[in-house]
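Please look over the sequence and the model shown below before reading on. The briefing that follows starts with a question and then goes through the structure topic by topic.

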Amino acid sequence: MKTKDNLLSIKDIGKLRGVSSQTLRFYDQIGIFKPDYVDPETGYRYYDPEQYEKLGTILELRQLNFSLDEIREFFSDRNLTKSADMLVKHYNELKKEIAVKQQLADKICEKLDFIEKINKGGIKEKEFIIKDFSTRYAIIGNRNAEIETSMSFMHLESKLNETAPIIASDRMGFYLSYSDIAQVFDMENWKSMILCDKQMENDFHFCEIVKGKYLCAYFRDYKADRDYFLTHFVEYAKFHEIELDGIMIQQFIIDVTLTDRSSETVFEIQAKIKE
């Protein structure tokens with residue numbers, strides 16, 4: 001007949017493994033970690049020191065996102081092949097999670113670098129440069145009436161199946177495909193846009209933004225007179241005999257996700273150059 005001699009109390013084994021007594025009682029109730037002995041008079045649980053390793057394994061499996069049912073299965077009729085197969089599955093999921101978090105870290109780092117450049121005067125407003133863009137993908141809203149803009153962005157965000165957050169990704173803005181340069185001055189022609197990481201072939205909102213050279217310039221205060229910014233942009237291209245080629249983008253770089261002060265916001269106008 002078992003006694004509690006040379007056994008660990010629930011408090012002792014929990015303290016050794018950093019687990020609360022409440023969690024150990026729950027593990028007992030669901031059958032994944034039962035005490036070696038239960039005092040029939042007090043109901044206190046006691047554990048064999050050899051169970052220390054099993055509890056450690058359970059905690060490690062939880063760190064690998066094993067569900068409680070998977071942990072129960074892991075300890076059922078164990079063999080090397082079965083254990084390896086279950087670990088491989090979660091190892092692959094962990095690698096994907098690490099890749100996503102690394103992508104997120106990279107995006108945030110880029111954002112912080114940009115903010116630092118702004119604060120140190122490294123990003124200058126209305127300074128025109130030509131950038132080479134590879135093919136980009138975006139989902140495009142139906143309209144950009146002022147009262148509908150927020151709803152349009154909400155609708156587009158709901159269609160994204162990506163992890164990188166809007167706050168860190170510079171992906172929101174407005175898109176215009178035009179046949180006459182005069183169309184850029186009518187905001188009703190601009191469509192809400194969110195850049196996406198990959199092609200969404202089955203989505204009627206999807207748009208492929210062609211690669212090529214784009215004339216680009218940063219502007220501050222998205223609430224200011226956009227006609228002024230657009231006029232300045234178009235006149236610069238005309239004065240320098242740069243022929244624009246039917247696509248223009250207003251991409252939010254610093255927006256309301258980061259500041260309440262419109263004077264601190266930054267957006268970039270990009271216009272494809274005819275080659």
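How far is the sulfur of Cys196 from the closest cysteine sulfur, and in which residue does that sulfur lie? The closest cysteine sulfur to that of Cys196 belongs to Cys207 and is 9.3 Å away, which is too far for a bond. This is a predicted model, in which local features need pLDDT of at least 70 and side-chain atom pairs count only at pLDDT 80 or more, while totals for chains, interfaces and linings use all residues. Residues are numbered from 1 along each chain as its sequence is written, and side-chain values use heavy atoms, with hydrogens and water left out.

**The chain as a whole**

- The secondary structure of the protein chain comes to 7 helices and 11 strands, where helices (H or I, at least four residues) and strands (E, at least two) are DSSP runs numbered from the N terminus.
- Of the 275 residues in the protein chain, 40% are buried; buried means under 20% relative accessible area, exposed means over 50%, and partly exposed lies in between, with a 1.4 Å probe and protein chains only.
- Among contacts (heavy atoms within 4.5 Å) in the protein chain with a separation of 6 or more, 68% are between residues 24 or more positions apart.
- The protein chain exposes about 16700 Å², of which carbon and sulfur atoms supply 50%; accessible areas come from the Shrake-Rupley method with a 1.4 Å probe, and for residues only the protein chains shown count as cover.

**Cysteines**

- The structure holds 0 disulfides, a disulfide being a pair of cysteine sulfur atoms within 2.5 Å.
- Cys196 counts as buried, at 7% relative accessibility, whereas Cys109 is partly exposed, with a relative accessible area of 41%.

- Helix α5 covers residues 80-119, which is 40 residues, and reaches 57 Å from its first C-alpha to its last, close to the 58 Å expected at 1.5 Å a residue; the expected span is 1.5 Å times one less than the number of residues.
- At the start of α5, a side-chain oxygen of Asn79 comes to within 3.1 Å of the backbone nitrogen of Thr81, and α5 is followed by Gly121, whose phi is positive, near 80°.
- The buried residues of α5 are Lys82, Ser83, Met86, His90, Lys111, Phe114 and Ile118, and what covers them includes α4 (68-74), β9 (212-220), β10 (244-254) and β11 (266-273).
- Ser83, found in helix α5, counts as buried at 14% relative accessibility and, leaving aside its neighbours within four places in sequence, is in contact with Phe74 and Arg78.
- Ile123 has its place in the loop between α5 and β4 and, again leaving aside neighbours within four places in sequence, is in contact with Phe114, Lys117, Ile118 and Tyr218.
- Although Ile123 and Val266 are 143 residues apart along the chain, their C-alpha atoms are separated by 9.9 Å.

**Strand β9 and its partners**

- In β9, 7 of the 9 residues are buried, so this strand is largely enclosed by the rest of the structure.
- Strand β4 (residues 129-133) and β9 pair in the antiparallel sense over 5 bridges, and two strands count as paired if DSSP finds at least two bridges between them.
- Within that pairing, the bridge partner of Ile130 in β9 is Leu215.
- β9 is also joined to β11 by 7 bridges, the two running antiparallel, and the bridge partner of Tyr218 in β11 is Glu268.

**Strand β6 and its partners**

- Of the 6 residues of strand β6 (residues 172-177), 5 are buried, so β6 is largely enclosed by the rest of the structure.
- β6 and strand β7 (residues 191-196) pair in the antiparallel sense over 4 bridges, with Phe174 standing opposite Ser192 in β7.
- β6 and β10 pair in the antiparallel sense over 5 bridges, and here Ser177 stands opposite Ile247 in β10.

**The open sheet of three strands**

- An open sheet is formed by 3 strands in the order β1-β3-β2, with antiparallel pairing, and its edge strands are β1 (8-9) and β2 (37-38), each of which pairs on one side only.
- β2 and strand β3 (residues 45-47) pair in the antiparallel sense over 2 bridges, and Tyr37 stands opposite Tyr46 in β3.

Technical notes. A polar contact is a pair of N or O atoms within 3.5 Å; within protein, one must be able to donate a hydrogen and the other to accept it, and residues adjacent in sequence count only if both atoms are side-chain atoms.
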